[in-house]
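Here is a short briefing on the structure shown below.

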Amino acid sequence: MKQSKARKSITLLDVARAAGVSRTTVSNAFNRPDQLSPEVQQKVLAVAKELGYAGPNPMARMLRTGQTGAIGLIFSEALPYAFNDPVSIAFLQGVSKVCERVKASLLIVPALDSDVAQQTIQQAAVDGFILYCIPDESEAVVRVLDRQLPVVAVDQPELKGIPFIGIDDRQAARTAALHLLSLNRRHLGIIAMDFHNDSYAGPVDPQRLKSAIFRNALHRWWGYADAIRDAGIDPTLVPIEESPNSNGVDGAFAAAIALLQRHPRPTGILAMSDILALGALRAAEHLGLKVPEDVAIVGFDGIPLAAQVRPALTTIQQPLVEKGAIAAEILLGIPNKKTTHILETKLVVRQSSSKGSREQGAGSRVGSGE
């Protein structure tokens with residue numbers, strides 16, 4: 001039996017002729033529907049469906065324009081963390097809102113130092129990369145820069161000639177510590193985020209601080225230490241319990257228990273994230289301690305849950321969604337004269353440290369560098 005001839009491939013031009021419109025109109029019906037009236041778009045799509053045309057070939061578009069219509073986000077944690085951590089979720093919301101607005105796709109690559117991750121960075125069909133809180137010496141940074149594509153860094157690393165978006169972690173943390181010290185909470189304890197990429201949980205010694213690779217955690221410690229030192233207290237005597245981001249509230253609970261069972265017991269806890277602070281709230285309740293009467297707690301980030309728990313959490317609020325949006329806008333070429341954005345933070349005082357509630361600027365450096 002003779003094989004039938006292969007069916008002719010339907011092109012954009014075939015659809016245009018059948019619909020009685022231009023090639024540009026057909027292209028807009030698939031790629032930029034806002035340029036057409038609903039009636040025209042529906043007519044073109046109906047004709048395309050009848051002819052069996054699924055839309056412009058993305059590979060052909062890439063060859064023609066030299067662009068993929070996608071950006072890559074290099075993420076410092078395992079992929080599930082990006083969709084569970086409130087800070088990461090808010091940041092991704094900012095990135096995705098911009099991508100949706102300009103019809104761009106988003107590829108998330110966990111920057112785990114594995115051959116698969118590095119190969120993904122090398123082969124990813126993207127127009128540029130966002131580096132999100134990646135240690136300076138990470139192999140992922142080297143691989144991204146080797147691609148010679150546009151790059152934007154958020155929080156870390158700070159690279160010469162690369163646009164940067166972040167906050168003044170040190171000054172914001174100093175404000176948090178000053179708040180507790182102003183309430184005469186002089187016996188302090190600190191629950192820290194990861195200082196190293198090794199999933200360590202437990203007490204932190206000076207050597208671990210000195211060799212820290214995650215700048216956010218280190219700078220927040222410096223900020224706490226600045227305020228503590230200014231209050232006449234030796235910051236090296238303040239206990240620090242490290243709890244990896246991946247351990248979430250449960251890990252923070254264990255860290256807070258370790259702090260609150262010390263003698264003398266801390267009367268104030270500085271947590272480097274709201275998730276860590278939520279663990280401290282749970283630990284205080286578990287031990288029968290009243291917040292803020294027995295122990296006052298201050299978090300960092302300003303996630304929505306901080307205002308919903310009881311007692312509501314005092315925190316340093318940072319613009320997480322805006323941070324992601326600015327990064328995506330710069331990478332996608334949306335006009336912006338600034339190459340460095342240091343975003344404003346503020347102290348939001350709630351019941352976990354005070355009977356009253358108020359907001360005040362955290363005194364962070366606000367502005368930009370050209």
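Buried means under 20% relative accessible area, exposed means over 50%, and partly exposed lies in between (1.4 Å probe, protein chains only). By that cut-off Cys133 is buried, because its relative accessibility is 14%. This is a predicted model, in which local features need pLDDT of at least 70, side-chain atom pairs count only at pLDDT 80 or more, and totals for chains, interfaces and linings use all residues. Residues are numbered from 1 along each chain as its sequence is written, and side-chain values use heavy atoms, leaving out hydrogens and water.

**Confidence**
- pLDDT is the predictor's confidence in each residue, from 0 to 100. The protein chain averages 88, and 89% of the residues score at least 70.
- Residues 1-7 have pLDDT below 50 and one contact beyond near neighbours in sequence. Contact means heavy atoms within 4.5 Å.
- Residues 363-370 also stay under 50. The model gives this stretch 21 contacts beyond four places in sequence.

**Cysteines**
- A disulfide is a pair of cysteine sulfur atoms within 2.5 Å. The whole structure has zero.
- Cys99 is buried, at 3% relative accessible area.

**Nonpolar cores**
- A nonpolar core is a set of buried Ala, Val, Leu, Ile, Met, Phe, Trp, Tyr and Cys residues joined through side-chain atoms within 4.5 Å.
- The largest core has 85 residues. Ile130, Phe195, Trp221, Tyr224, Leu270, Met272 and Ile297 touch the most other members.
- Helix α13 (residues 274-286) supplies the largest share of this core, eight residues. Helices (H or I, at least four residues) and strands (E, at least two) are DSSP runs, numbered from the N terminus.
- Another core, of 18 residues, lies apart from the largest one. Its members include Phe129, Val144, Ala153 and Ile342.
- Beyond four places in sequence, Ile130 has contacts that include Ile71, Phe91, Val152 and Leu331.

**Helix α2**
- Thr25, Val26, Asn28 and Ala29 are buried in α2 (residues 23-31).
- These buried residues line one face of the helix, because they fall within an arc of 160° seen down its axis. The arc is that of the directions from the helix axis to the C-beta atoms.
- The buried residues of α2 pack against α1 (12-19) and α3 (38-51).
- On the other side of α2, Arg23 and Thr24 are exposed.

**Asp250**
- Asp250 lies in helix α12 (residues 248-260). Asp250 is exposed, at 55% relative accessible area.
- The side chains of Asp250 and Arg282 are joined by a polar contact of 3.0 Å. A polar contact is a pair of N or O atoms within 3.5 Å; within protein, one must be able to donate a hydrogen and the other to accept it, and residues adjacent in sequence count only if both atoms are side-chain atoms.
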